[in-house]
Amino acid sequence: MSAKTIIHGIYNDEEKLKEGAIQLRSARIRVKEVFSPFPIHGIDPIIGVDRTWISICCFIYGLTGMSLALLMTWYMMVGDWPADIGGKPSMAFYMAIPAFIPVTFESTVFCAGHGMAITFFLRSWILPGVSPKNPDPRTTDDMFLMEIEAKPEDESRIVAMLKASGAAEVNVK
Amino acid sequence: MDTSGMNLTYILSPKTKNICLTLIGVGLVATIVGIFHGTADPMHTQRIWSNIWLDIFFFFSISLLATFFYAVQYAAEAAWAVAYKRIMEAVMKFLPVGASLVFLYCILGVLGVHHTWKWLSPTAVAADKVLQNKSAFLNPTMFLGLTFLFLLAYVSYQRWTCKMSLEADAGGDGVKYWKMNQRKAAIFLVFFGFTSVVGSWFWLMSIDAHWFSTLFGWYVFAGQWIGAIITFNLIGLHLKSKGQGEFLNDSHQHDMGKWMFAVSFLWTYLWFSQFMLIWYANLPEEVAYYKARWDDYRGLLWTMFFMNFSLPMLMLMSRDAKRNRTFIFIVGIVIYFFHWVDTFIMIMPGSIGAGGHIGMIEIGMFMAGTGGFAWFVLAQLAKAPLLVKNHPYLQETLHFHI
């Protein structure tokens, strides 16, 4: 473990950080993480973050919610005890299905929304009682931090590159 | 970004003209064949008239909703759509023609030339208690007066804003023009919001004069809104196929794809809300509308509903699909047709009864209308540069990236 050094480049301008990241990447140095008070437009491809899978997760949660609602309404209103409400046909599911569409819609949205939020919290490990991974509290205010994990022999080169690209502060741990 | 290297002059090429002419020609031949073929049908004359109304209304409302969408961009201070501004204006320029045709058709109705609106005939009203009770609103004076007022206001806004767009190009303070436009757009949107609903009662809902539905206006115009968005998309694709429109990047295409997807859901939501509430409540005066469609137009009704709902949902859900121009083209063409079928189902059961179907006359007039509309709109597109100048959001739209 001692073989790795953690370098923090702290910027006060996200455009300078992007420039610095591009230079590091072109020198084949991996940027481990970027901490920022707001989403930086276009940072993902620069630091090599793949496109998120959360939309596909959302689709699967939505399908789950839809299936659960259809199963629930079928079981309650047709399968277990055919309920006649307002003279609507209840002996076959397809005949009464318009009545079940609103609840199916709501359940789809509920499962998709909550599933996606929970997935996001788990993936980012933002949970109650978890200590924040954020290395510097200033990145929640007005500073942008780039974290690099490097071999000790690369340290001076990386520090020089960060400073040259306009980092306000470089910390080595 | 520098726009000087872009070819911003659109020329309506002979090839495009020939495609439009072929559509018009084939459409007219099919219509004439249909007209001579079906004379045994007692509703034959009214069927021809109803089809004329169907196509007038369809293309009129596409240009009206294009105007609405254009105004929304100002009210929302949206920058991305500035690249589509001239395309929208080309579609909007059909509005004066469409509005004139709508008004002409309404006058012919009042004169008794056709019987699309049964409540316009005094004998029908005299024999019908429900129509008598509705006659404070459904009478020729209100009909022509409000139609004229609404159309005049829509056309005035459209002509003013298209004129201002060219004036701002000629040099001048872009921000000043933008602010003027925003104020007028907000006023237009409020006016449009109320009057389009009332207009839909007159123009479509009162064809089934006994029936009423509170969300009918939104449902009609949500459908036509998709028509307007598809038209913008198709013109954008047409420009790309000619090697023009470099200012329309993948992010613009993505956003237009999102609009097609989202408004399809708005339409589905409204269609289904109207259907489900009427089906559930089962009140005789409301159910009559769906009874007529259920008995005689069931296949068309459900095909139309599922195509307009499932096709955009399944084909345009992913990000890559919205950026894929082939997907946008196929889905666009198909749901453009099925929104026309939606309008068909709004008009036919009330005006010609159970015998309505899609035959030679319907397809022929629709083809001829599409050809004529496309030619008109593309000819308007050729009259102005494809991209605005001096617009405060011009650079933002050229660098648009999502």
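**Domains of chain A**

I began with the distance between the two domains of chain A, and found that the centres of domain 1 and domain 2, taken over C-alpha atoms, are separated by 46 Å. The model I am reading is a predicted one. For the bounds I went to the domain assignment, which gives domain 1 of chain A as 5–49 + 142–172 and domain 2 of chain A as 54–124.

**Where chain A meets chain B**

I then asked how many residues each chain brings to the contact. Chain A gives four residues and chain B gives six residues. Sorting the chain A side by class, I noted three nonpolar residues and one polar residue, with no charged residues.

I also looked up A:Pro98, which I found in helix 4 of chain A, residues 93–124. Leaving out residues up to four places away in sequence, A:Pro98 touches B:Phe275, B:Met276 and B:Trp279.

**Two helices of chain B**

Next I turned to helix 2 (residues 44–75) and helix 9 (residues 216–241) of chain B, which pack at an angle of about 80° with their axes 8 Å apart. Because angles of 65 to 115 degrees count as roughly perpendicular, I wrote down helix 2 of chain B as roughly perpendicular to helix 9 of chain B.

Which residues make this contact? From helix 2 of chain B I listed B:Ser61, B:Ile62, B:Leu65, B:Ala66 and B:Phe69, and from helix 9 of chain B I listed B:Phe221, B:Gln224, B:Trp225, B:Gly227, B:Ala228 and B:Thr231. By class, the contact between helix 2 and helix 9 of chain B holds seven nonpolar and four polar residues, and no charged residues.

**Nonpolar cores**

I looked up the largest nonpolar core and found that it has 100 residues, with B:Val91 and B:Ile229 having the most contacts inside it. Helix 2 of chain B supplies the largest share of this core, 17 residues. When I set aside its neighbours within four places in sequence, B:Val91 was in contact with B:Ile62, B:Ser63, B:Ala66, B:Ala228, B:Thr231, B:Phe232 and B:Val377. Another core, of 18 residues, lies apart from the largest one, and its members include A:Phe144, A:Leu145, A:Met161 and A:Ala167.

**Positive phi in two loops**

I checked A:Arg28, which is not a glycine and yet has a positive phi of about 60°. This residue is found in the loop between helix 1 (14–26) and strand 2 (31–35) of chain A. With 6 other C-beta atoms within 10 Å, A:Arg28 is exposed.

B:Asn390, also not a glycine, likewise has a positive phi of about 60°. I placed B:Asn390 in the loop between helix 15 (360–381) and helix 16 (394–398) of chain B. Here I counted 17 C-beta neighbours inside 10 Å, so B:Asn390 counts as partly exposed.

**B:Gln182**

My last entry is for B:Gln182, which lies in helix 8 of chain B, residues 174–203. Which residues does B:Gln182 contact, leaving aside its neighbours within four places in sequence? I found B:Tyr74 and B:Ala75. B:Gln182 counts as partly exposed, with 16 C-beta neighbours inside 10 Å. I also noted that B:Gln182 and B:Met142 are 40 residues apart along the chain, and that their C-alpha atoms are separated by 31 Å.

Methods: Residues numbered from 1 in each chain as written. Chains lettered and ligands numbered in written order. Predicted model: local features only at pLDDT ≥ 70, side-chain atom pairs only at ≥ 80, totals over all residues. Domains from an automatic or database assignment. Contact = placed C-beta atoms within 7 Å. Nonpolar A, V, L, I, M, F, W, Y, C, P; charged D, E, K, R; others polar. Axes fitted to C-alpha atoms, helices over the stretch in contact; angles between N-to-C directions. Helix = DSSP H or I, 4+ residues; strand = E, 2+ residues; numbered from the N terminus. Parallel < 35°, antiparallel > 145°, perpendicular 65-115°, else oblique. Core = buried A, V, L, I, M, F, W, Y, C linked by C-beta atoms within 7 Å. Buried ≥ 20, exposed ≤ 12 C-beta atoms within 10 Å, placed from the backbone.
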